[in-house]
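Subject: Structure for you to look at

Hello,

Here is the structure I said I would pass on.

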Amino acid sequence: MPFTKMERAALVAEWRDSSMTQDEFAATKGISARTLRLWNQQFPAPSPNVEEVRRIVAVAIEQLRAMLDSMAESAPSPSSPLVEQDPRAASLMDPTLPVGPRGFQFDLNYLPGLQCPSR
């Protein structure tokens, strides 16, 4: 006896909720695994609830903002260079090199292939 469209959709949903493979589930229902695969293609899984997705995204954004705020609080401010925070760093600083906004020095001449204007 052929299955109705509603019965096929119900079997596909039942298989998705089960922990069985398609082969195992099909054997318990007296159908071939190939038939179950075809029905699975005919009845795609429902889309996630839009409101639930929005809630998850909002929570993720909130967590990322908190993480960024935490990082900003622990980062050195532009007004307090690295040298002021760690006196040992003063001996490592090269007075001929520029100091970046976070108190780090960088040597543009160190980058291979980069043409830098003379200082």
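The notes below go from the whole chain to one helix and its surroundings.

Please keep in mind that this is a predicted model. The chain has 119 residues, of which 15% are buried. Its secondary structure consists of 5 helices and 0 strands, so the order along the sequence reads α-α-α-α-α. If we take the contacts between residues at least 6 apart in sequence, 29% of them join residues at least 24 apart.

The largest nonpolar core has 10 residues: Leu11, Val12, Trp15, Phe25, Ala26, Ile31, Ala33, Leu36, Trp39 and Phe43. Three helices, α1 (5-17), α2 (22-29) and α3 (33-42), each supply at least two residues of this core.

Apart from its neighbours within four places in sequence, Trp15 is in contact with Met20, Thr21, Gln22, Phe25, Leu36 and Asn40.

Next, the packing of α2 and α3. Two packed helices are described by the angle between their axes and the distance between the axes. For α2 and α3, the angle is about 105° and the axes lie 8 Å apart. Angles of 65 to 115 degrees count as roughly perpendicular, and α2 and α3 are therefore roughly perpendicular to each other. On the α2 side, the contact is made by Gln22, Asp23, Phe25 and Ala26; on the α3 side, by Ala33, Leu36, Arg37 and Asn40. By type, the residues of this contact are 4 nonpolar, 2 polar and 2 charged.

The helix α2 can also be described by its two faces. Which residues of α2 are buried? They are Gln22, Phe25 and Ala26. These three lie on the same side of α2, because they cover an arc of only 100° around the axis. The buried residues of α2 pack against α1 and α3. On the face turned away from the buried side, α2 carries the exposed residues Asp23, Ala27 and Thr28.

After α2 comes Gly30, which has a positive phi, near 75°.

Regards

How values were computed
Residues are numbered from 1 along each chain as its sequence is written. This is a predicted model: local features need pLDDT of at least 70, side-chain atom pairs count only at pLDDT 80 or more; totals for chains, interfaces and linings use all residues. Side-chain values use heavy atoms; hydrogens and water are left out. A nonpolar core is a set of buried Ala, Val, Leu, Ile, Met, Phe, Trp, Tyr and Cys residues joined through side-chain atoms within 4.5 Å. Buried means under 20% relative accessible area, exposed over 50%, partly exposed in between (1.4 Å probe, protein chains only). Helices (H or I, at least four residues) and strands (E, at least two) are DSSP runs, numbered from the N terminus. Contact means heavy atoms within 4.5 Å. Axes are lines fitted to C-alpha atoms, for helices over the stretch in contact, and angles run from 0 to 180 degrees between N-to-C directions. Angles under 35 degrees count as roughly parallel, over 145 as roughly antiparallel, 65 to 115 as roughly perpendicular and the rest as oblique. Ala, Val, Leu, Ile, Met, Phe, Trp, Tyr, Cys and Pro count as nonpolar, Asp, Glu, Lys and Arg as charged, and the others, Gly among them, as polar. The arc is that of the directions from the helix axis to the C-beta atoms.
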